[in-house]
Amino acid sequence: MLIQCRSGLWCKSMSGPASCLLPGDGPDLQETVLEFTVKRIHFFNRNIWSSLLLSACICSLGSVSSSWGQMTAEEFGQRLEQMERENETLRQQIAEAQTETSSGTSASEGGASSLSLGMGAVSSDAPAAVSDAKTGAESEDLPSLPVLDLEKKDRLVSVVSDYDSIMLNMAQDDLEAELARYKNWQWNKDAFTFTPYVWFWLTGTHETNSLYPGDYPIWVKNEDRSHTYFDMKSTRLGLNVTAPEIASMPGVRATGVFEMDFQNTYVFENEADVELRKAYIQLQSDEFMFLMGQTWELLSPFYPTVLNWGFGAGGGNFGFRRPMVRFDRYFKQHNGRFAVQTCVLSSSTSNFTDANGLAYQGKMGRYPEFQLRFERTFTKNDLWKSALFAVGAKIGDKEYVMQGDEFHRTSWAFTADTKIQFTDRFFFLGEFFTGELHAVNCAGIMQDLNTQTRENVGSTGGWFAFGWDITPELHYSIGYSIDDPWNSTLCQGMKGKNHFIYTNISRDLTKSLNLGFEYQYFETEYVGVRTVDSHVFMICSMFKI
């Protein structure tokens, strides 16, 4: 609205104070106001209000149509889920096309093996490998490798894809089964993919009191002398084999693993003997897993984050590698997965000699050992990024022979284990066990029988560890482990308690080379004799190819 102030200038009067216009602007505006006044337009003229009402309707329709074009948060989330499902379908179609291409190429070559570049699913070298494959003179003839399938299917047990990278239900020692994703070379034959791997593992150790067995620490010997040694016998060789998807069982893939190291018994330290670590085949899908062969037993699948080959055996870690038949059944939950796992193992024992020199010969029991484990995994929530909780039990029969006398004993145990990934860089691991007669499980400080009464040795123990990736290349961990046999089942001279605390730090110098330092403090009690301890300092170098 225009008014004329006392100074004679034209002003704009809005909701606030009027602002004066320049005198040069006045004539045009004054003429407009005079014209308006002369016409004497009545404010209640029906035509004016009809025009205003029509304009208001048009504006309101425009605003409504604008709001119709916007999505609510719920609608946006639904649309996002739909797009993710469409992307997943597209990925599956691409993977099926690659598998068909790979199969056709292998068949046309008459079964001849061909070298190909491995493009790891999560390796940072993957873009470079793809670029090299595209620029190569014969890159179009290279078969597509099904390495993407190794993420879920070439492993001892599967995990939910929401936290696939942390490999929750896999023993730390089984991570080599995932190394196929990082390989820069593989070979194919008749649609099978073969991926070899090698770990060069050197440790240098100083012990203020020597520990058994001498190449890695398990418990402190009942003697007073220091020990310094270097060891390469943990070096291991392995081969991962991936078969094509089974035509009669869609979604099921067969895989196999063979692995050995040199930590078997020997006469001279520089003439180590070969030890079979793992040799198994498995069928696996998103709903089940069936395995036959030798690998880590079902119960307590993790172990302390130590840098030495001893992995806490005899000091609180339960479990070892044994021949078995195993079946897992997976049930997907809205916030993770539930698994029922069963296993039948050889109920074997070992030979030993008691403190009086009497020899015990261990034999197979009357029935095998049965193991059962219930596992629940959870996806991300306010407390963690992912988590696993499990409980298990076992029962078995063992036979012993001493001076021609045969007798049987029942072995049993209850276990619990957990792994919590709080963030991408910080995690917690822990295990617990209790039971009787489980030296074959590396528990009870590897003692089966009271050598005086021939009764079962019972034991309770466990361990926990925290791990922290300070940077992507720098790793730190600290933990504690204990194996505490029941005093009522022991006699004088037997090992009554063995525990240790450790801390270590390691750095990835390259993607294949790691250098680490570790300190451990061991304390071992001998019933009715004394308690001995040892400080262990170790340097470890590992080169994986």
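The tour begins with the whole chain and then moves to individual residues.

**Before selecting anything**

This is a predicted model, in which local features need pLDDT of at least 70 and side-chain atom pairs count only at pLDDT 80 or more, while totals for chains, interfaces and linings use all residues. Residues are numbered from 1 along each chain as its sequence is written, and side-chain values use heavy atoms, with hydrogens and water left out.

**Stop 1: the whole protein**

Display the chain as a cartoon. The protein has five helices and 26 strands; helices (H or I, at least four residues) and strands (E, at least two) are DSSP runs, numbered from the N terminus. Of its 545 residues, 43% count as buried. Buried means under 20% relative accessible area, exposed means over 50%, and partly exposed lies in between (1.4 Å probe, protein chains only).

Now display the surface. The accessible surface of the protein is about 28200 Å², and 60% of it belongs to carbon and sulfur atoms. Such areas come from the Shrake-Rupley method with a 1.4 Å probe, and for residues only the protein chains shown count as cover. Among contacts in the protein with a separation of 6 or more, 61% are between residues 24 or more positions apart; contact means heavy atoms within 4.5 Å.

**Stop 2: the nonpolar cores**

Select Trp201, Phe311 and Phe522. These residues have the most contacts inside the largest nonpolar core, which has 43 residues. Strand E26 (residues 530–544) gives the most to this core, with five residues. A nonpolar core is a set of buried Ala, Val, Leu, Ile, Met, Phe, Trp, Tyr and Cys residues joined through side-chain atoms within 4.5 Å.

Which residues does phenylalanine 522 touch, not counting those up to four places away in sequence? Among them are Leu211, Pro217, Ile218, Val220, Phe500, Val532 and Val536. Next, select Phe318, Ala413, Phe433 and Ala443, which are included in a second, separate core of five residues.

**Stop 3: salt bridges**

A salt bridge is a side-chain nitrogen of Lys or Arg within 4 Å of a carboxyl oxygen of Asp or Glu. By this rule the count is 18.

- Select glutamate 223 and arginine 225: their side chains form a salt bridge of 3.1 Å, N to O. Glutamate 223 is partly exposed at 27% relative accessible area, and arginine 225 is partly exposed at 45%.
- Select glutamate 275 and arginine 321: their side chains form a salt bridge of 3.5 Å, N to O. The pair links distant parts of the chain, with glutamate 275 in strand E12 (residues 275–284) and arginine 321 in strand E14 (residues 321–333), 46 residues apart. Glutamate 275 is buried at 14% relative accessibility, and arginine 321 is buried at 6%.
- Select aspartate 405 and arginine 454: their side chains form a salt bridge of 2.6 Å, N to O. Aspartate 405 is in strand E20 (residues 405–421), and arginine 454 is in the loop between strand E21 (426–436) and strand E22 (458–469).
- Select Arg236, Glu259, Asp261 and Arg277: a network of salt bridges links these residues.

**Stop 4**

Select Ile281, Met292, Val325, Val344, Tyr367, Phe370 and Ile395, which make a nonpolar surface patch of about 580 Å². Patches are made of residues with over 30% relative accessible area and no salt bridge; like charges are joined within 9 Å, and nonpolar side chains (Val, Leu, Ile, Met, Phe, Trp, Tyr) within 5 Å. Valine 325 lies in strand E14 and is partly exposed, at 36%.

**Stop 5: arginine 373**

Is arginine 373 buried or exposed? Arginine 373 is buried, at 1% relative accessibility, and belongs to strand E18 (residues 369–378). Its side chain makes polar contacts with the side chains of glutamine 341, at 2.7 Å, and glutamate 375, at 2.9 Å. A polar contact is a pair of N or O atoms within 3.5 Å; within protein, one must be able to donate a hydrogen and the other to accept it, and residues adjacent in sequence count only if both atoms are side-chain atoms.

**Stop 6: serine 300**

Finally, select serine 300, in the loop between strand E13 (288–296) and E14. Serine 300 is buried, at 5%. The C-alpha atoms of serine 300 and aspartate 417 are separated by 6.0 Å, although the residues are 117 apart along the chain. Leaving aside neighbours within four places in sequence, serine 300 is in contact with Phe318, Thr415, Asp417 and Glu431.
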